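Please find below a note for a colleague who is meeting this structure for the first time. The points are numbered so that each can be checked against the model in turn.

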Amino acid sequence: MTALDLSSPVAVVGTGTMGQGIAQVALVAGHPVRLYDAAPGQARKAADAIAARLDRLVAKGRLGPAERDAARERLRPADELTGLAGCALVVEAVVERLDVKQELFRALEDIVSDDCLLATNTSSLSVTAIGGALRVPGRFVGLHFFNPAPLLPLVEVVSGFATDVTSATRAHETARAWGKTPVACADTPGFIVNRVARPFYAEAFAVYESQGADPATIDAVLRESGGFRMGAFELTDLIGQDVNESVTHSVWRSFFHDVRFTPSLAQRRLVESGRLGRKAGIGWYDYTDGAERPEPHTAEPAGPPACVVAEGDLGPAAELLALIREAGIEVREEAEDEGTRLVLPGGGQLVLADGRTSVEFSDVVYFDLALDYRTATRIALSHSQDTSARTVAEATGLFQALGKKVSVIGDVPGMIVARTVARIIDIAVEAVAKGVATEEDIDTAMRLGVNYPLGPFEWGRRLGRGWAGDLLEEMHEIDPCGRCAPSLALYQYARATPGKREDTP
Ligand SMILES: NC(=O)c1ccc[n+]([C@@H]2O[C@H](COP(=O)([O-])OP(=O)(O)OC[C@H]3O[C@@H](n4cnc5c(N)ncnc54)[C@H](O)[C@@H]3O)[C@@H](O)[C@H]2O)c1
């Protein structure tokens, strides 16, 4: 099954933000494009807006004038839905309401031929539920573009319960022919990106709600240590707190209130107060003129320790040993069967976040996971009231000697980056186990859809298959409310490795 022929007309219904972007993509790819919108005059306005964008592409040298002129010739607004007869594909981008979308597709089926591919750009409704209204539901598919559609490469191609494989394949290949990177996914809440990304926001908000750190510090740690392009607070301010919260609510409701997707009370209050983010001038941060951006917590300089003893294999933090030596600090390595740690000159211990809290130990500082300890510019540390001041100072001085800023946060299990990455891996592994998408497509979707520095499975391979499950098990043990409970799929993923137990079950 191949992509639609470029001579086949494509229709876009609903010509607001997304419809205009999708129409531009199909048009620039070479299709004749027809636009329809229920609001009088809107399709014409959209055609003018698209033409203006083509002009800008020409001005930037990204489109030739002749191509622009030909594209304009191929673009036609329709005053009536019946004007879409003869189209080979209709992409719907109308208001996000099931009844409106169902009614539209029912009407469309009386206009287009039975082999016309019908697609919805819904981001939160069930593709199966929309398609359920159709006479020929096999040709109905989700084509979920990301905003702005002409710029963002990812398209989730969603197969509803009744979608034919041939229709999904055709939609997939067509998106690819349009220069996009399609990923295939089953019709489940949030599809890939909006499902797997939930913990990114939830964990940051949970750390904040537990008084572990302020938004500026959490954002700085996610960026500078985790390698995320933006922190969860600044990103939700950009998306809009109402928009982000409504996606969270929709996924949570659709999973029958699965506690792992529980929305944030702090975000609820923010929305209630009208602090919707950049568009409102204020959200987690204040965007009004002259407002100062709060600084993340950054520890004062502390002297470096003269030496450290590394006990056991530091696993994901193993590179630290080379960095510590390069900083001129002596490292003595000692084999250790139980646990891994850096022992500081005063006898205190520095341990990679593992899901426990330092209150369990007499003199421990936890340090957070970094995407790459060499390039990370900030590291979060946490400790309890029982940790000695000397241990905190030596731990701080050690990371400062490696050129890192240090943010000392509250005694939060799993710290910031580690718990976020562990939960993203868990949700991703479970999605594969439930047939939502392949590991490769999930990695692609998370890198292209939300700019993650690594896909969850790339991260999982780097950290070791058992790492996320071990951390979440610890978190679940000390706070068994269920929101951090590792999935059965993660348990099986961790054990699907060489080195099986030798005893019988
Ligand atoms: N905005 C985003 O970031 C984004 C991203 C991905 C998917 N989506 C989805 O895309 C769809 C459209 O979102 P948007 O942000 O472009 O909305 P929008 O409000 O900008 O545009 C919607 C358009 O649909 C028109 N419309 C409403 N009912 C109609 C009907 N019955 N027939 C024809 N036209 C109708 C409206 O007049 C309007 O022009 C929604 O399903 C949304 O969930 C949005």
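1. Met415 is buried, because its relative accessible area is 1% and the cut-off for buried is under 20%. In this predicted model, Met415 is found in the loop that runs between β15 (405-409) and α15 (417-433). The phi angle of Met415 is near 50 degrees, a positive value in a residue other than glycine.

2. A second residue with a positive phi is Gln211, whose angle is near 65 degrees; Gln211, too, is a residue other than glycine. The place of Gln211 is in the loop between α8 (198-209) and α9 (215-224). Is Gln211 buried or exposed? Gln211 is exposed, because its relative accessible area is 68% and the cut-off for exposed is over 50%.

3. The peptide bond that joins Asn147 and Pro148 is cis, with omega about 0 degrees. Pro148 has its place in the loop between β6 and β7 (154-159). As background to these backbone points, most residues other than glycine have a negative phi, and most peptide bonds are trans.

4. The space that the ligand takes is the largest pocket. The elements giving two or more residues to the shell around the ligand are α1 (17-29), α4 (98-109) and β6 (140-145). Of the 22 residues around the ligand, those that come nearest are Met18, Asp37, Glu96, Lys101 and Ser123. By type, the residues of the shell divide into ten nonpolar, nine polar and three charged.

5. Which side chains have an N or O atom 2.5 Å or 2.7 Å from an oxygen atom of the ligand? For Glu96, the distance from an N or O atom of the side chain to an oxygen atom of the ligand is 2.5 Å. For Lys101, the corresponding distance, again from a side-chain N or O atom to an oxygen atom of the ligand, is 2.7 Å. Ala38 takes part through its backbone: an N or O atom there lies 3.1 Å from a nitrogen atom of the ligand. The ligand has 830 Å² of accessible area on its own, and the protein covers 72% of it.

6. Glu96 also has a partner within the protein. The side chain of Thr122 makes a polar contact with the side chain of Glu96, at 2.8 Å. Thr122 is placed in the loop between β5 (117-120) and α5 (127-131). With a relative accessible area of 2%, Thr122 is buried. Glu96 therefore has a side-chain N or O atom 2.5 Å from an oxygen atom of the ligand and a polar contact with the buried Thr122.7. Glu92 has its place in strand β4 (residues 89-92) and is buried, with a relative accessible area of 0%. Leu488 lies in helix α19 (residues 488-495) and counts as exposed, because its relative accessibility is 58% and the cut-off is over 50%.

7. Glu92 and Phe200 are 108 residues apart in sequence and 29 Å apart in space. Leu488 and Phe140 are 348 residues apart in sequence, and the distance in space is 33 Å.

Note on methods
Residues numbered from 1 in each chain as written. Predicted model: local features only at pLDDT ≥ 70, side-chain atom pairs only at ≥ 80, totals over all residues. Heavy atoms only, no water. Helix = DSSP H or I, 4+ residues; strand = E, 2+ residues; numbered from the N terminus. Buried < 20%, exposed > 50% of the residue type's maximum accessible area, 1.4 Å probe, protein only. Near = heavy atom within 4 Å. Polar contact = N/O pair within 3.5 Å; in protein donor to acceptor, adjacent residues only side chain to side chain. Areas by Shrake-Rupley, 256 points an atom, 1.4 Å probe, with all protein chains shown as cover. 1 Å grid on protein atoms, 1.4 Å probe; cavity = no way out; pocket = protein on both sides within 12 Å on 5 of 7 lines; lining within 4 Å. Sits in = over half its atoms within 2 Å of the grid points. Nonpolar A, V, L, I, M, F, W, Y, C, P; charged D, E, K, R; others polar.
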